[in-house]
Amino acid sequence: MHLSRRSLLAATTSLATALALTPPVSRVARAAGQKTLRLATRVIEVNGKPATRYGVFQPSGAWGLTLDEGDTFDVRLENKLDVLSGLHWHGLNPPWRQDGVPYISGPPVAPGKFADYSFPGQPAGTRWMHSHFGLQEQNLLAAPLIVREQSAIKSGVQEVVMLLEDFSWTKPSLIFEELRKPKPMAAMGATTGGMTNMSRGSGGMNMPGMAAPASSGMDLNDVTYDAFLANDRTLADPQVFDVEKGAEVRLRIINAAASTNFMIELGNIEGTVLTVDGNPVLPMKVRQFPLAIAQRVDIAVRMPADGAALPVLARAEGLAKQTGVVLRPRGAAVAKIPETAATAATALTLMEEMKLRARQPLLSRPIDRSVPVDLTGNMMGYVWGMAVHGMEAVPVGVEKGERVELVMRNTTMMAHPMHLHGHSFQVTEINGQAFAGAYRDVVLVTPRTTVKVIFDADNPGLWAYHCHNLYHMAAGMFATVVYRGFN
């Protein structure tokens with residue numbers, strides 16, 4: 001936890017203290033069928049140079065974890081690092097003590113120690129796992145966590161997982177230190193010390209889904225990265241998946257970046273969006289799809305009938321830099337793909353968000369509690385916050401059984417991917433335009449925009465609620481949702 005978040009934690013001191021003394025599951029003997037995940041260092045190659053980073057692997061060397069719908073999430077997490085660490089099971093809805101957020105749901109895992117987790121592996125879908133300790137996520141401590149839907153298993157369709165990350169040779173602590181330095185107005189918009197602020201003037205409230213105009217003042221990127229990775233590789237040496245000519249392939253795409261939104265590019269191929277954040281939506285045809293930090297999308301694509309290879313690319317928001325993987329039918333040639341596209345990706349908007357519809361929306365019922373949450377901050381001093389009912393460092397209080405509405409009003413000129421732990425929510429309104437949107441666990445709240453979501457308070461505990469831009473969260477954009485009277 002960083003100093004800027006201590007005041008928030010002080011609001012729930014007694015709860016957090018009790019949690020810090022409670023391990024996820026007190027068990028020494030191994031359970032039959034229990035799986036093992038290990039946190040360890042690894043060496044990857046980036047732009048021809050070796051880079052030592054963190055990783056999550058099974059003893060077999062398999063990356064991350066895949067379960068089937070209906071399986072129990074029964075995992076022993078072993079920390080082979082020389083630092084305190086842990087994992088959050090992003091998108092699953094476990095009991096609150098097993099959520100993997102240090103000092104909120106339990107203690108971190110000490111070097112050489114382990115923690116056991118056991119709970120129903122639900123909901124099914126494309127999930128992922130990542131460290132919630134300090135800035136370890138920027139050191140690539142993340143991996144896929146897939147709970148394969150019974151429908152996907154029965155279909156027999158080949159699946160390809162693509163996990164996106166941003167990479168810097170600069171230590172995360174130094175990146176954050178540089179971001180926190182006061183910046184004079186004249187320096188805004190210039191790149192210094194590996195940091196960049198893409199400022200475009202000043203502007204007011206965006207209309208729903210409207211692209212940011214040239215004078216909008218939107219700040220797109222905090223950090224200038226050295227590379228963008230797909231499954232730990234750049235386009236200098238992309239991962240190539242062998243597929244059948246003309247076959248259908250299900251892409252499971254995870255944005256595990258610390259501070260980068262992406263635009264997914266399918267080229268001339270039209271795909272069908274099946275799920276967002278692992279949750280089914282009504283099918284939507286796309287050639288491009290915006291993917292904010294921590295969001296996921298499953299897209300079904302049909303391989304070209306002519307047997308050509310299909311690059312699946314991700315361009316960083318506001319930049320021409322890109323990464324991706326290649327789907328290759330047997331015998332197909334794979335052309336070299338430039339790491340810089342011809343044009344920069346545009347700023348992400350909420351146009352596609354407003355088109356998405358949950359396949360199984362929440363049942364209609366009155367809202368029991370509406371909670372205003374202002375997203376605050378600026379690039380000048382790099383201080384970010386969440387004002388609940390107009391007050392910083394105040395938790396969102398709910399009661400079990402309530403239908404809760406979160407009204408997130410972004411007062412800043414940066415977009416914020418907002419994530420609620422332990423629950424999924426439905427997007428219901430953007431800038432006053434109501435609709436029965438997608439069921440998610442991360443929603444992008446663009447600058448000067450108000451987004452409403454609803455969820456059913458059915459998982460009692462103390463839950464993290466925060467911006468998933470790692471540096472915004474570290475600088476204070478972090479709150480909690482607390483159930484009254486839970487134990």
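User: Which strand do 5 bridges join to S14, and do the two run parallel or antiparallel?

Analyst: In this predicted model, the partner is strand S15 (residues 279–286), and the two strands run antiparallel.

User: Which strand is joined to S14 by 4 bridges?

Analyst: That is strand S17 (residues 296–302), which also runs antiparallel to S14. Here Thr 275 has Asp 298 as its bridge partner.

User: How many of the 6 residues of S14 are buried?

Analyst: As a general idea, side chains in a regular strand alternate between the two faces of the sheet. In strand S14 (residues 271–276), 5 of the 6 residues are buried, so the strand is largely enclosed by the rest of the structure.

User: Where do the buried residues of helix H4 fall, seen down its axis?

Analyst: An α-helix has 3.6 residues a turn, so residues three or four places apart point the same way. In H4 (residues 172–180) the buried residues are Pro 172, Ile 175, Phe 176 and Leu 179. They fall within an arc of 95° seen down the axis, so they line one face of the helix. Helix H6 (470–474) is among the elements covering them.

User: What is the strand order in the open sheet of 5 strands?

Analyst: The order is S23-S32-S31-S25-S29, with mixed pairing. Strands S23 (396–398) and S29 (442–445) stand at the edges; each has a single partner strand, so one side of each is left without a neighbour in the sheet. On average, neighbouring strands of this sheet are turned by 20° against each other, direction ignored.

User: Which strand is joined to S29 by 4 bridges?

Analyst: Strand S25 (residues 416–420) is joined to S29, and the two run antiparallel. Within this pairing, Pro 417 is the bridge partner of Leu 444 in S29.

User: Where is Thr 449, and is this residue buried or exposed?

Analyst: Thr 449 lies in the loop between S29 and strand S30 (450–456). A residue counts as buried under 20% relative accessible area; Thr 449, at 2% relative accessibility, is therefore buried. Its side chain reaches the backbone oxygen of Pro 447 at 3.0 Å.

User: How many helices and strands does the protein have, and what percentage of its residues count as buried?

Analyst: There are 6 helices and 32 strands. Of the 487 residues, 58% count as buried. The protein exposes about 18400 Å², of which carbon and sulfur atoms supply 54%. Among contacts with a separation of 6 or more, 75% come from residues 24 or more positions apart.

Key:
Residues numbered from 1 in each chain as written. Predicted model: local features only at pLDDT ≥ 70, side-chain atom pairs only at ≥ 80, totals over all residues. Heavy atoms only, no water. Pairing = 2+ DSSP bridges. Axes fitted to C-alpha atoms, helices over the stretch in contact; angles between N-to-C directions. Buried < 20%, exposed > 50% of the residue type's maximum accessible area, 1.4 Å probe, protein only. Contact = heavy atoms within 4.5 Å. Areas by Shrake-Rupley, 256 points an atom, 1.4 Å probe, with all protein chains shown as cover. Polar contact = N/O pair within 3.5 Å; in protein donor to acceptor, adjacent residues only side chain to side chain. Arc of directions from axis to C-beta.
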